[in-house]
Amino acid sequence: MDKYLMMNRSPNKYLIPCSDILIWMVMLCTIVKVCFSHEVKLPQDSIILNADYSIDHNYERIMDLEDDAYENNDIQRLRRLTEVHILKAKMESNMLELANGYYYRTIIEEPELAISYSDSIIKMTENSEHPEYPTFGYILKAIILYDNGDYNLALQNYITAYNLAVEKMNLEDQITCSMAIAAIRNLNGQPHAAADIYTRSLKLLRKDDNYKINHSSDYMILMYNLTLAHLRLSQLDSARHYYDAGLRKAILMNDSMEYRDFVMVGAQLDYYERKFQNSRDTLLRYTHLLDGNKKAMKLYYLGKIAQQTGDNALSIRYFQQIDSIVTVTNKPFDKIKDVYQQLVMHYSLNGDQHREIAAIEKLIYFDSLMTNEQKGIIQQATLAYDLPFLKQQKKNAEDKLKAKSMLILVLGIIAFLGLVTGVYFYVRARNTKIKVKRLLEGTNRPKSSDRRLVQHPTSVPKEIRDDLLEKLEAFEQSEIYLSKDLDMSQLAQQMDTNTTYLSVIINHYKEMSFPNYLKDLKITDAIERLSKDPELLKYNYQGLADIFGFKTGESFSKAFYAKTGVYPSKLLKELKNREDKRHL
């Protein structure tokens, strides 16, 4: 799971909220007794700690006490300290310290009230010139919304916070928000976009010459997230590069928690590199230290390793442990579909219809839950295809439970589903290979239409038309079109003409708009150079975007797909395979 949160919140949701009425009652008592004590009247069950609750403490001391209470999970003490903090800030009309007090209050309140406190922080600091406000309030609200599963509103608040951080030139908040936005987009099926954002965040971090020292934690988190992002994109070399950099930093900083996290993600990398023994040993060493979905995700890889090494019984036991965990947490993760498909097949083959039906129901439930939470996910079409089959399979399994004679039919449906799925992926993979092969067989730059010989635009004089066609031909042979900032106005100026004539000529003879004409030239050039220069295969999407004149890796990928019908990763993979074979 991607890391991005720079603030922690307690998961405890069973505490009774404390309203501002109580705070003002305590304030009144304090004002009456201020000449005698300056100490908030509290119950006598913690006499030794009463000195901690004095409003005579400065804010730094109060916040140190609050941090200590939080780290020791002393929620009752933390609640009383926040009352003192808020009371003191209100008495002194100190809005920023009141905001800090409200922050600590969000840690111990239920989500609805915690959001109310974060809204109060935003409201009271909206005109603040402080570099962290009201950005802090929006980030805090986004974290609460994310924890509560409202990714859409969380994203909106992170974007607002990011814009404020840019406006206030707050580098740390920009990085915090960028990584959060990337994580949310990744949850919505956009790993390429997430990888690009993480790369941009790293560039932003590097604006500080001493970023590895001043922002060591942010740097390690980015290395971790970049490792995961490239793993999802099957870019194992890049994943290994970022993993090694992050692991070295964790060792240098003597950060045991970050070291453990890197070692764990390293186990995933080993799995995809088919170093099963290394991966298994690492996972067994650390997985017992985890809980909830973090543990479930690691158990998944242990299950797949067991499956890959032929121990299917052990694999099923791991998948059953995952089933027990997600049943309690009610939080699916991206591999949950595979887990339940394996369990459905196992129970079906072993004639255990009760468990088979239960597994099918959970598969349908978690698929639906993920679809509702991850609006706009790319896999919507796949789910729409798979769910009808699963529902039909569930009905057949229920019939079989009533009459054992239905076993053949159930297995037939499972086999048919597997066959159809296999055929679908085979056909899709074959079509992709054909497209990639055609790309590598040779590409041509855009050619003029035959209309050039028989029909010409009447709005452009002949001598201007012929001159522009010659200049466009020269332009196509140059590398000027690789400029990221080139627009029609600049090109028209270079060709000593106006944008009207240039637009007419390009639309008529190239049969496309000016932006598409530039993209076409750039992608054609990219295909040719990638085929000839193995050094280019080392770059990620953002690096290729910089070389071929695109502002972002995402825009490069979209333009490549629009022209060729395949994503750049497919072409790069084929070129790398050919390069590897050439060296054998």
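**A close look at helix α4**

Modeller: Happy to! Helix α4 covers residues 95–108, and its 14 residues reach 21 Å from the first C-alpha to the last, close to the 20 Å expected at 1.5 Å a residue. That expected span is 1.5 Å times one less than the number of residues. Please keep in mind that this is a predicted model, in which local features need pLDDT of at least 70 and side-chain atom pairs count only at pLDDT 80 or more, while totals for chains, interfaces and linings use all residues. Residues are numbered from 1 along each chain as its sequence is written, and side-chain values use heavy atoms, with hydrogens and water left out.

α4 is mostly covered, with 12 of its 14 residues buried. Buried here means under 20% relative accessible area, exposed means over 50%, and partly exposed lies in between (1.4 Å probe, protein chains only). Among the buried residues of α4 are Leu98, Tyr102, Tyr103, Tyr104 and Arg105. At the start of the helix, a side-chain oxygen of asparagine 94 comes within 3.4 Å of the backbone nitrogen of leucine 96.

Now for the wider setting. The protein chain has 28 helices and 0 strands; these are DSSP runs numbered from the N terminus (helices H or I, at least four residues; strands E, at least two). Of its 584 residues, 48% count as buried.

Helix α16 (residues 312–329) packs against helix α17 (residues 336–349) at an angle of about 120°, and their axes are 10 Å apart. That angle makes α16 oblique to α17, oblique being what remains once angles under 35 degrees count as roughly parallel, over 145 as roughly antiparallel and 65 to 115 as roughly perpendicular. On the α16 side, the contact includes Ile316, Phe319 and Val326, and on the α17 side it includes Val339, Leu343 and Tyr347. Contact means heavy atoms within 4.5 Å.

Next, find threonine 564 in helix α27 (residues 553–564). Threonine 564 is buried, with a relative accessible area of 13%. Leaving aside residues up to four places away in sequence, threonine 564 touches Lys435, Leu439, Ile523 and Ile527. Threonine 524 is 40 residues from threonine 564 in sequence, and their C-alpha atoms are 9.5 Å apart. A polar atom of the threonine 564 side chain also lies 3.0 Å from the backbone oxygen of valine 566.

Finally, some loops have backbone details to check. The peptide bond from tyrosine 133 to proline 134 is cis, with omega near 0°, and proline 134 sits in the loop between α5 (111–125) and α6 (135–147). Methionine 169, in the loop between α7 (151–167) and α8 (171–187), has phi near 55°, a positive value in a residue other than glycine. At 73% relative accessibility, methionine 169 is exposed. Arginine 274, in the loop between α13 (256–272) and α14 (276–286), has a positive phi near 65°. Arginine 274 is exposed, at a relative accessible area of 56%.

Note on methods. A polar contact is a pair of N or O atoms within 3.5 Å; within protein, one must be able to donate a hydrogen and the other to accept it, and residues adjacent in sequence count only if both atoms are side-chain atoms. Axes are lines fitted to C-alpha atoms, for helices over the stretch in contact, and angles run from 0 to 180 degrees between N-to-C directions.
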